[in-house]
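Let me put the structure up, and then I'll walk you through a few spots in it.

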Amino acid sequence: MSISLLQQLNGERSVVLLFVIQILFSTSLSLIPEAVSLSLLSLFALSVEISADDASNPLGHFFKARPGASSGVLLGAVTVPSLLVSRLIQTLREESINEVGTEGIEYLKLQYWAAFASCFAVLIFLSTVCRWQRKDSDSICSLSNCNRRYGFIFTILLVGFCLVLLSGLLYGGWFLSLMSLWVLSHGLAAVLLIVKILHMFPACASIGESLLVASGIVIYFGDMVACTAAKISSSKVLLVQIGINRSEISTIIQGVVFGLLLFPVFYKYVFRTVEYFVSLLRNGDLEKNEMKRSLVFYASLAFMLLVVVPSWMQFVHPFHMHPLLWVFDFVLSEPLKRLTLCIYWLVIIYVSVRRFYNISKNSKTERILLRKYYHLMAVSIFVPALIFQPKFLDLAFGAALAVFLLLEIIRIWKIWPLGHLVHQFMNAFTDHRDSDLLVVSHFSLLLGCAIPIWLSSGLTDRPLAPFAGILSLGIGDTMASMVGHKYGVLRWSKAGKKTIEGTAAGITSVLAACFVLLPLLATAGYIFTMHWISLIVAVTTSGLLEAYTAQLDNAFIPLIFYSLLCL
């Protein structure tokens, strides 16, 4: 059994297990339940991935994943729970010097168990699908069979959900039941969401990438629901457990992001309502009138972003003014620094985009290399702001993400007059991981740089952790691609394109950047407390993962690197 398991450990799986082992060895005695559950989750995910990557492709009849990539179930399942364990380790370390309270730690533990429930429920779902598919290996499942089986799996999850809730009521009271309900609801929501993602966007993502997105959205939305519930509830206990203090910037980003994610559903119902009344009055078809359809779109968008979203923001946080006005007040509170930074960003973006767009149309340079120049541009944009204006950079990341989401919605729905122009522009920078249905590369680069910075807000004992995305993508990934493409000879595998020379260049460049960055951080008051051996291990692990993984590296590597830097 052990010999056959070792034979199944390819490069990517070995590096992921090495990453999990590093997390487990760093946990304290107070985190034993989380460590044990993470190890069991990793083993379960490994077994599901081995089954999913079987030559018979058992999941292929149910989901159309991105071609050319492995399932990535192991990496997708352990990334978010491991990240939360790393944050718990860092938070407990800072609690010892009285920088955080016990309420924050308890809420973080609750978030970990929600992430564990999300990934574990999806693994149960995928495992069940694989087993059923093996029974029907000689025939392709019909749509009715798939629907029946989905219904059966959801019924099992719902029954288990109710049993746990009932046991909480019997033995722990209402509070334990509510906490169990909140945690387990993440699991059910994650299963529903990953099925929706893979069916709405076929061939756009692997199973592991979809799992990462689904678990991340569910955890983030669960936090939003918990914050809202804490404001509604009059229970002091619930406020202590869930009502975690959050800044105005995090509230604004959370509201705008989910406002835009939910906007397509809102717009669809508004459009159908308007179309119904138009058909009654004029017997016309609003769908065929492009300008009127666009007018309904922009009016619905304005209502969502100027009325609905700000109303929620003001409900959960005391802004004392409209959140949009608060943003302007925040920017103008230090006008010289922040407006100068905005001008610097606009100049860099304009010059770079115009230059690289012309190159992409007229040059024979490989598109993957051309895109690495945007990684270098990200370094020049984000590093100065992260050192000297971190709060403003948090807000800028949120604004950029909102713009990207909005432009992608406009591109997909071909909203006049920008839809065609955005689609034409995006096509100049897509590669094999993008499709006409969904372009993900710019999202992964932005979020890969932003998430470590957002997660590090208020934590100061690991000053390199916020730079995890910038270092791994802007420097490490870029140098690995450029050096590997020009000088690479020795390949990690016969089927892959990654070279040993490129990986060595990426690891070395990140370490060199850390040597340069630490003195700059010291001038800003940060103290480096991490051991150099731990830093080298973290950089090497993330570099090896970049070399071996067939998943979207922009999405996974920053989170893995950040988790290791928090230890």
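Let's start with helix H16, residues 419-426, where Gly 419, Val 422 and Met 426 are buried. Before I go on, keep in mind that this is a predicted model. So, how do the buried residues of H16 fall when you look down its axis? They sit within an arc of 70°, so they line one face of the helix.

Okay, on to the aromatics. In one of them, Phe 44 and Phe 120 are tilted, at 5.3 Å centre to centre with 55° between the planes. This pair links distant parts of the chain, since Phe 44 belongs to helix H3, residues 32-52, while Phe 120 belongs to helix H5, residues 102-135, and the two are 76 residues apart. As for cover, Phe 120 is partly exposed, because its relative accessible area is 31%, and the buried class stops at under 20%.

My other pair is Trp 326 with Phe 330, and this one is stacked: 5.3 Å centre to centre, 10° between the planes. The two are four residues apart in helix H12, so about one helical turn separates them. Buried or exposed, this Trp 326 and Phe 330 pair? Both are buried. Phe 330 has a charged neighbour as well: Arg 338 lies over the face of its ring, at 4.1 Å from the ring centre.

Going back to Phe 44 and Phe 120 for a second, they belong to one aromatic cluster together with Tyr 112, Trp 113 and Phe 116.

Last stop, the surface. There's a nonpolar patch made of Phe 303, Leu 306, Val 307, Val 308, Met 321, Leu 324, Leu 325 and Phe 328, with about 690 Å² of accessible area together. Two elements give two or more residues to the patch: helix H11, 290-316, and helix H12, 323-332. Which of them gives the largest share? H11 does, with four residues. Met 321 is found in the loop between H11 and H12, and at 30% relative accessibility Met 321 counts as partly exposed.

That's my tour, so over to you for questions.

Note on methods: Residues numbered from 1 in each chain as written. Predicted model: local features only at pLDDT ≥ 70, side-chain atom pairs only at ≥ 80, totals over all residues. Heavy atoms only, no water. Patch = residues over 30% accessible without salt bridge, like charges linked within 9 Å, V, L, I, M, F, W, Y side chains within 5 Å. Areas by Shrake-Rupley, 256 points an atom, 1.4 Å probe, with all protein chains shown as cover. Salt bridge = Lys/Arg side-chain N within 4 Å of Asp/Glu carboxyl O. Buried < 20%, exposed > 50% of the residue type's maximum accessible area, 1.4 Å probe, protein only. Phe/Tyr/Trp six-rings, centres within 6.5 Å; stacked < 30°, edge-to-face > 60°. Lys NZ or Arg CZ within 6 Å of the ring centre and 35° of its normal. Arc of directions from axis to C-beta.
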